[in-house]
Amino acid sequence: MAKNLVIVESPAKSKTIGRFLGKSYKIEASVGHIRDLPKSTLGVDVDKNFEPKYITIRGKSEVISKLKKEAKEADKVYLATDPDREGEAISWHLAALLDMDEKALSRITFNEITEEAVKKAMKSPRAIDMDLVDAQQARRVLDRIVGYKLSPLLWKKVRKGLSAGRVQSVAAKMVCDREDEITGFVPEEYWDITALLSSGGDKPGGKENFVAKYHGTSGKKVRLRSKEQVDEILKDLENSLYKVLKVVKGRKKKAPAPPFTTSTLQQEASWRSGFTTKKTMMVAQQLYEGIEIKGKGATGLVTYIRTDSVRVSPEAQGEARSHIASMWGKEYLPAKARNYRNRSASQDAHEAIRPTHPDMTPEAVRDSLTSDQYRLYKLIWNRFFASQMAEAVYDTVTADIGAGRHLFKANGTRLDFKGYLLIYKDEKNPDNTGNKADEKDEGENGAADDNANCMIPELIEDQELRLIKIDPGQHFTQPPARYTEATLVRAMEEKGIGRPSTYAPTISTILARGYVEKEKKSLLPSELGKIVTDIMKQNFPDIVDEKFTAGMENELDEIERGGKKWPEVIRDFYTDFARLVGEAEEKIGKVKIEDEPADIVCEKCGRDMVIKNGRFGKFIACPGFPECRNTKPILEEAGVNCPVCGGKVLIRKTKKGKPYISCENYTKCGFTSWDMPAKESCPVCGSFMLKSYRGRKPVLRCSNDKCISNEDSAGKPEAGAHKEIKAKKKSEKAVKK
């Protein structure tokens, strides 16, 4: 039997595809890229039309040898890497290493890893798309030139270990600019006047009571700017008769949001589940490549996850409509399938992110998923089906209420038909929000109860109303909120900076470099980030200019469309850039960054210790380095006492940044846990409770593992609870790493 070799990027993907193709196909994984530019040198020959010098990636020799052996024995080799620029480039590199003709019909792509999609792709292989490859090469070479020319400059002028990048520097500047806006913001005073009115009766909290807001005089909107202005109005309102002037009833329809793109998925996952952009993409990749589903094997649950398109295939729309009608009823179907318009900058290479198997509801596969996989899959599933459902319908009423020459307005809204809100509540996400995971759990289908019912009582024109009380309120305009990861992604997308595949790594980079710090969920620039950004703004204004960077993204898109040759785009950029680098070398003086004092005296040499930024975050160090090498971790107190020995409990982090808690006397008492302290105390022994998420709802357990509250009726430890020795071993392993 003829043997065919199919090469994908990941082992998980190969396992899923292997289910569909049968014994005549062998599936192997390249495990990501196999060739790249060298790390130790520029790797780009500027004098030879910017020719890249690719080398095999260290550690990939065994993978390459295996692929060469399998390719030699195969009758036909298919390259099935991801359907984007990066995937096309990996296929091109594979073809070069395996001595394959890039024009041969060996490239197959699919937007979803389903049996139908994979088999359909196998029937129509194509040649490697060199326009896609060239667009990826252009981005790689461009980023390498910027990084390798600017980073040594920062090492020399500021300090070692710094870096600059074509997209990361713009993202860092955006965070710095937002901080400048906040610092320079001048609040403006404004007022409102609220009247609590009654349409009848004397009960203070009765249903006949409602609120009306001051609007103005003679039908004109009046902005209230001062207490004097408000006092004058209040005086004028004394002894006024409140009367209904006009009542307007209506119906309002609200359409669902489109299915997810990469950026909107990152934003919603951050808001609803507290996921970082990096975590969202990691979990989404698992759902795309395939999960072991009980009774079905490795199954890809969602379509390709790097997309800026909201397009949905007619087949998927048909499946969704059929499922909606059978599951919730035909009244939840719009008259025709919903189509959404892409943003002007969208590439539209792939569909929106949607479930590949509509019949696999989140609940049906829940036992096969981790908690994070379940939450993200449910979010994608609900958003997609909601996007194809009927509109929500509201009854609305607006009442104009006169009081002398003054006008108040009262508004009421009542949800009459839930429509898509049956499964997906789409409140706007404020700039700064806490983790929604610990709030009231959503209903069976994922939508929390709608709280839009705020109707006013039945009113008629000329009806007299009774004033219960009138309240003036002073307010001040607020500065713009700091970016969160989610809102920075949204801003980058709106400005055309980066692409779906670059949002998460860009944010991870500026955090890892210490240019931006996290305060809860907010992003704020570090002192180092401000210094580096100022250097970039003064000496390389184009590199950190949002419009210039967006324009460069458009140039890369043009290369992908075949409209431009990539060396020409690089040359146009490089001429001015090389000149600016030379000028900056002469112009920039040595920049000294003052270390933040730690208020701790070094017990080894007596110097005042300082806070420094390292590879794994901030730490306390002696400024006498290298003579004195004393360092300490920065520890945060958890605000609770150890249930074992009564000592302080500290919040620590592994080298990968995962938080855990342990006793300050850990080596003696051994208390440690991955779970964070809750506000509640144990009703049995008084120790603090631990809160974890091993499902949709938070699970509380006593921090004292010996407490009887952690045992069920059979006397066994509660499901999901850590045993002391297990937690200890986990923490020791994490700390060693």
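This is a predicted model: local features need pLDDT of at least 70, side-chain atom pairs count only at pLDDT 80 or more; totals for chains, interfaces and linings use all residues.
W328 and W381 are both buried.

**Aromatic pairs**

- How many aromatic pairs does a search of the whole structure find? It turns up 16 of them.
- To describe a pair of aromatic rings, you give the distance of the centres and the angle of the planes.
- Take W328 and W381: their ring centres are 6.3 Å apart and their planes meet at 70°, so this pair counts as edge-to-face. Planes have to be over 60 degrees apart for that label.
- W328 belongs to helix α10 (residues 314-328), while W381 belongs to helix α12 (residues 371-387), so their pairing ties together parts that are 53 residues apart in sequence.
- Now try F573 and F577: with ring centres 5.1 Å apart and planes at 25°, the pair is stacked. The cut-off here is planes under 30 degrees apart.
- F573 and F577 both sit in helix α17 (residues 566-587), and because they're four residues apart there, about one helical turn separates them.
- Are F573 and F577 buried or exposed? Both are buried.

**A ring cluster**

- Which residues do ring pairs link into a cluster with W328? The cluster is made up of W328, W381, F384 and F385.

**Charges over rings**

- R178 lies over the face of Y483, at a distance of 4.1 Å from the ring centre.
- R272 has its charged end over the ring of Y424, and the distance to the centre of that ring is 4.5 Å.

**A three-stranded sheet**

- Three strands make up an open sheet, in the order β2-β1-β7, and their pairing is parallel.
- Which strands are at the edges? They are β2 (25-29) and β7 (76-79), each of which pairs on one side only.
- On average, neighbouring strands in this sheet are turned by 25° against each other, if you ignore direction.
- Helix α2 (residues 61-73) packs on the sheet and touches β1, β2 and β7. The direction of helix α2 makes about 160° with that of β2.
- Strand β1 (residues 4-8) pairs with β7 in the parallel sense, over four bridges.

Terms used
Residues are numbered from 1 along each chain as its sequence is written. Side-chain values use heavy atoms; hydrogens and water are left out. Two strands pair if DSSP finds at least two bridges between them. Helices (H or I, at least four residues) and strands (E, at least two) are DSSP runs, numbered from the N terminus. Axes are lines fitted to C-alpha atoms, for helices over the stretch in contact, and angles run from 0 to 180 degrees between N-to-C directions. Contact means heavy atoms within 4.5 Å. Rings of Phe, Tyr and Trp (its six-membered ring) pair if their centres lie within 6.5 Å; planes under 30 degrees apart count as stacked, over 60 as edge-to-face and the rest as tilted. Buried means under 20% relative accessible area, exposed over 50%, partly exposed in between (1.4 Å probe, protein chains only). A charge sits over a ring if NZ of Lys or CZ of Arg is within 6 Å of the ring centre and within 35 degrees of the ring normal.
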